[in-house]
Amino acid sequence: MKMQLKDFPVTLFQPEKGNEKEYTVIIYHGWGGRGQSFYEMAEETAKEGFNTIVPELIYHDTRSPLENPFDKKTMQKYFWETIFKSINEFEAFTRALKLEKKKLILVGSSMGGFIASGIYAAHPEIAGLVCVNGSGSFLFTEKLFRKMDNRDFLSKAELDLFKKYDPIGKVKSNSPVLLIHGDKDTIVPIEGQKYFYDYLLQNDENSRVTFNIHNDVNHKFTSEMVDEVIEWMNQADSSL
């Protein structure tokens with residue numbers, strides 16, 4: 001069911017009556033993608049009993065979409081801006097949808113994984129995080145991106161901006177986390193996900209972290225990954 005709640009267009013997927021679980025899943029899509037690409041997964045999570053929300057992201061779908069999102073200069077300008085704005089608007093988003101943060105499980109794919117990780121770090125009451133082929137180490141991963149593109153180092157202003165949003169050093173939660181990544185990812189290097197995983201393991205506040213690596217998989221959210229996410233959510237639901 002598509003809805004417009006204040007500034008936020010979303011699609012809602014509701015479980016059958018009598019099968020409802022107390023947690024709501026929010027699914028964030030990747031760069032240049034559409035919410036619609038995750039409707040099938042949202043139907044699956046709803047069948048498992050989770051209320052599921054697929055939001056439209058800024059610069060995508062009906063929210064000022066970019067003409068050519070995969071143009072390199074466009075990506076470099078708007079990729080992180082989309083992430084930071086999505087993190088910024090989360091407070092207003094939860095108010096508009098009347099959501100309890102402590103009842104939310106965030107799932108993000110690629111850029112959506114960055115968004116979900118950033119929100120998780122900024123809101124420790126969130127019930128759980130799933131990051132697939134994304135990264136919760138913003139500054140570290142941006143340095144990898146720049147090395148891949150042969151770009152200049154970050155300026156002082158850019159460094160300050162990344163440090164403001166970077167989950168590294170900010171996570172204060174003991175809610176469960178699932179990280180999934182293909183080991184042949186040529187778009188978002190797995191090293192960024194590993195860096196976030198190592199940080200979470202060293203953080204005394206969080207000992208409920210799982211990192212699943214898929215061998216010989218590039219930048220794809222495979223059906224096996226979807227199955228892993230749903231199984232993990234059901235296990236997390238029973239232990240929260």
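Rings of Phe, Tyr and Trp (for Trp, the six-membered ring) are taken as a pair if their centres lie within 6.5 Å, and the pair is called stacked with planes under 30 degrees apart, edge-to-face over 60 and tilted for the rest. With that in hand, a search of the whole structure finds 21 aromatic pairs. The structure is a predicted model, in which local features need pLDDT of at least 70 and side-chain atom pairs count only at pLDDT 80 or more, while totals for chains, interfaces and linings use all residues. Residues are numbered from 1 along each chain as its sequence is written, and side-chain values use heavy atoms, with hydrogens and water left out.

Helices (H or I, at least four residues) and strands (E, at least two) are DSSP runs numbered from the N terminus, and two strands pair if DSSP finds at least two bridges between them. Eight strands form an open sheet with mixed pairing, in the order E1-E2-E4-E3-E5-E6-E7-E8. E1 and E8 are the edge strands, each pairing on one side only. On average, neighbouring strands of this sheet are turned by 20° against each other, direction ignored; such angles run from 0 to 180 degrees between N-to-C directions, with axes fitted as lines to C-alpha atoms, for helices over the stretch in contact.

Strand E6 is mostly covered, as five of its five residues are buried, that is, under 20% relative accessible area, against over 50% for exposed and in between for partly exposed (1.4 Å probe, protein chains only). In a regular strand the side chains alternate between the two faces of the sheet. In E6, Gly 128, Val 130 and Val 132 point one way and Leu 129 and Cys 131 the other way, and all are buried.

Helix H4 touches E3, strand E5 (104-109), E6 and E7, and its direction makes about 150° with that of E5. Helix H7 lies across E6, E7 and E8, running at about 160° to E8. The buried residues of H7 are Ile 190, Gly 192, Gln 193, Phe 196, Tyr 199 and Leu 200. Their cover includes helix H4 (111-122), strand E6 (128-132), helix H5 (138-149), strand E7 (177-182) and strand E8 (209-214).

Back to the aromatic rings: Trp 31, Phe 79, Trp 80, Phe 84, Phe 114, Phe 138, Phe 145, Phe 162 and Tyr 165 form one cluster. The search that finds 21 aromatic pairs includes Trp 80 and Phe 138, whose ring centres are 5.3 Å apart with planes at 55°, so the pair is tilted. This pair links distant parts of the chain, with Trp 80 in helix H2 (residues 72-88) and Phe 138 in helix H5, 58 residues apart. Trp 80 counts as buried because its relative accessibility is 7%, and Phe 138 does so at 0%. Phe 138 also forms a tilted pair with Phe 114, 6.0 Å centre to centre and with 35° between the planes. That pair too links distant parts of the chain, Phe 114 in helix H4 and Phe 138 in helix H5, 24 residues apart.

Phe 114 is itself buried, with a relative accessible area of 0%. Not counting residues up to four places away in sequence, Phe 114 touches Phe 79, Trp 80, Ile 83, Gly 134, Ser 135, Phe 138, Thr 141, Phe 145 and Val 188.

Pro 15, found in the loop between E2 and strand E3 (24-28), counts as buried at 10% relative accessibility. The C-alpha atoms of Pro 15 and Gly 49 are separated by 5.0 Å, although the two residues are 34 apart along the chain.

Definitions and conventions: Contact = heavy atoms within 4.5 Å.
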